[in-house]
Amino acid sequence: ALPISTEEIILPSRGVFYPGKKDTVKIKYLTAEEDNILFSTDLIRSGKVLDVLLEQAILDKELRPDDMISGDRNYLLIEIRKTGFGNEYKPGAMNCGSCGQEHSPTVDLSKLKPKMLEMMPDENGWYSVEMPTTKTPIRFRLLRGSDERRLAKIIEAGQKKPGGSKVTKLITERYLLQIMEVNGNTDKLYISKFINAMPTKDSFFFREYNRQVEPGIDLDYEFECPYCSACETKAVPINSKLFYPD
């Protein structure tokens, strides 16, 4: 067999959440085989393209994409994209915050830096925090690939409901997967009631706190407007154009 080009990537999580604290994975460069995946209409329709791409590109047997936390997965997707299509990425039209003109920026992906794990979880891989409004202590975990898959199924089911209702319980489902303990209580029914009664302020705080502790990729980027030269820092939108440049 012909040798394939591979690269060893250090994970932003430093392997803290995985068996044996495995902190690197080997990825292979995209080839024509992955092109088949990218242009498979079935996979595109089902929204599973990126999952399959990760499955193909990550060569390690002992740590699979399903078991990885979302931040590591996102970081690897960007790395895989850079090996396949280079650093130039055009995410689409954007409006300037100063002059309001629409422009289509080009992002240099090599400028995006990993956001390495700084806040250590406990021995279970969980974090503890107190909700600001209700003063309730909770313990939670970060989402993994398998959780993302479950949430994707819930979205799909919500879209298929008769009457065209697209209301999904996405946020509560996400919290239910993440929150492992409320007030020292690990009963899922109790946790579910707590989530349903959660004040908006606490919900917002929890999402924000989650974003702070989760390692991954720092998507903040300085965009310059070609019309008025104003610079503004915004998160790089990650969309289907990442793997479909044209």
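**Reading the core**

Analyst: A nonpolar core is a set of buried Ala, Val, Leu, Ile, Met, Phe, Trp, Tyr and Cys residues joined through side-chain atoms within 4.5 Å. Buried means under 20% relative accessible area, exposed over 50%, and partly exposed in between (1.4 Å probe, protein chains only). Here the largest nonpolar core has 51 residues, of which Phe 17, Val 25, Leu 76, Ile 138, Phe 140, Ile 179 and Phe 243 touch the most other members. Helix H4 (residues 70-85) supplies the largest share of this core, 5 residues; helices (H or I, at least four residues) and strands (E, at least two) are DSSP runs numbered from the N terminus. This is a predicted model, in which local features need pLDDT of at least 70 and side-chain atom pairs count only at pLDDT 80 or more, whereas totals for chains, interfaces and linings use all residues. Residues are numbered from 1 along each chain as its sequence is written, and side-chain values use heavy atoms, without hydrogens and water.

User: Which residues does Phe 140 touch?

Analyst: Contact means heavy atoms within 4.5 Å. Beyond residues up to four places away in sequence, the partners of Phe 140 include Trp 126, Tyr 127, Ile 179, Phe 206 and Tyr 209.

User: Is Arg 73 buried or exposed?

Analyst: Arg 73, in helix H4, is buried, with a relative accessible area of 4%. Its contacts, leaving aside neighbours within four places in sequence, include Asp 51, Asp 66 and Glu 148.

User: How many of the 246 residues, as a percentage, count as buried?

Analyst: In this chain, 39% of the 246 residues do.
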